[in-house]
Amino acid sequence: TICADDINNLTKALSTLTGVQLSASNYFFNAVNMKKLVALIGAQWKGALPFTLLIEPGGNYIYGKQGGIQPLFIKKKIVDHPLTGRYF
């Protein structure tokens, strides 16, 4: 995950990640210019938060959604995908 929120909101970010049962590597994007992050992510993101993006190994886009997520739905997306499934 990449958190683009202010670093002062670390506790809130960690609480959110715990609440959606996320056990991946988590990073803070610490930059003055959010346009750089928007450009890196691509056209599917307009810059509003939260935004969820799943990327398969190799960098191909699997899924993206503006707004909150359903953890079970995201877990199924990961498990059902041939390159990110149960045994990756």
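The exercises below go from the whole chain to single residues; keep in mind that this is a predicted model.

**Exercise 1. Find how many helices and strands the chain has, and in what order they come.**

Step 1: Count the elements. The chain has three helices and four strands.
Step 2: Walk along the sequence and note each element in turn. The pattern reads β-α-β-α-β-β-α.

**Exercise 2. Work out whether the radius of gyration of the chain agrees or disagrees with that of a compact globule.**

Step 1: Start from the length. For 88 residues, a compact globule would have a radius of gyration near 12 Å.
Step 2: Compare with the chain. Its radius of gyration is 13 Å, so the two agree.
Step 3: Along the principal axes, the C-alpha atoms fill a box of roughly 35 × 30 × 20 Å.

**Exercise 3. Describe the surface, the buried share and the contacts of the chain.**

Step 1: Take the surface. The accessible surface is about 6,700 Å², and carbon and sulfur atoms hold 59% of that surface.
Step 2: Turn to the inside. Of the 88 residues, 19% are buried.
Step 3: Look at the contacts. Among contacts with a separation of 6 or more, 28% are between residues 24 or more positions apart.
Step 4: Finish with the charges. The chain carries 9 positive and 4 negative charges, and their mean positions lie 5 Å apart.

**Exercise 4. Decide whether Trp-45 and Phe-51 are stacked or edge-to-face.**

Step 1: Know what to look for. A pair of aromatic rings is described by the distance of the centres and the angle of the planes.
Step 2: Count the pairs. The structure holds two aromatic pairs, and Trp-45 with Phe-51 is one of them.
Step 3: Read off the geometry. The ring centres of Trp-45 and Phe-51 are 5.9 Å apart, with 25° between the planes.
Step 4: Apply the cut-off. Planes under 30 degrees apart count as stacked, so the pair of Trp-45 and Phe-51 is stacked.
Step 5: Check the surroundings. Trp-45 and Phe-51 are both buried.

**Exercise 5. Explain why Phe-28 counts as partly exposed, and list what Phe-28 touches.**

Step 1: Phe-28 belongs to strand E2, which covers residues 27–28.
Step 2: Find the partners. Setting aside residues up to four places away in sequence, Phe-28 touches Cys-3, Asp-5, Asp-6, Ile-7, Leu-10 and Ala-13.
Step 3: Pick one partner. Ile-7 is 21 residues from Phe-28 along the chain, and their C-alpha atoms are separated by 7.2 Å.

Key:
Residues numbered from 1 in each chain as written. Predicted model: local features only at pLDDT ≥ 70, side-chain atom pairs only at ≥ 80, totals over all residues. Heavy atoms only, no water. Helix = DSSP H or I, 4+ residues; strand = E, 2+ residues; numbered from the N terminus. Buried < 20%, exposed > 50% of the residue type's maximum accessible area, 1.4 Å probe, protein only. Contact = heavy atoms within 4.5 Å. Rg over C-alpha atoms; globule rule 2.2 N^0.38 Å. Areas by Shrake-Rupley, 256 points an atom, 1.4 Å probe, with all protein chains shown as cover. Lys, Arg positive; Asp, Glu negative; His and termini not counted. Charge placed at Lys NZ, Arg CZ, Asp CG, Glu CD. Phe/Tyr/Trp six-rings, centres within 6.5 Å; stacked < 30°, edge-to-face > 60°.
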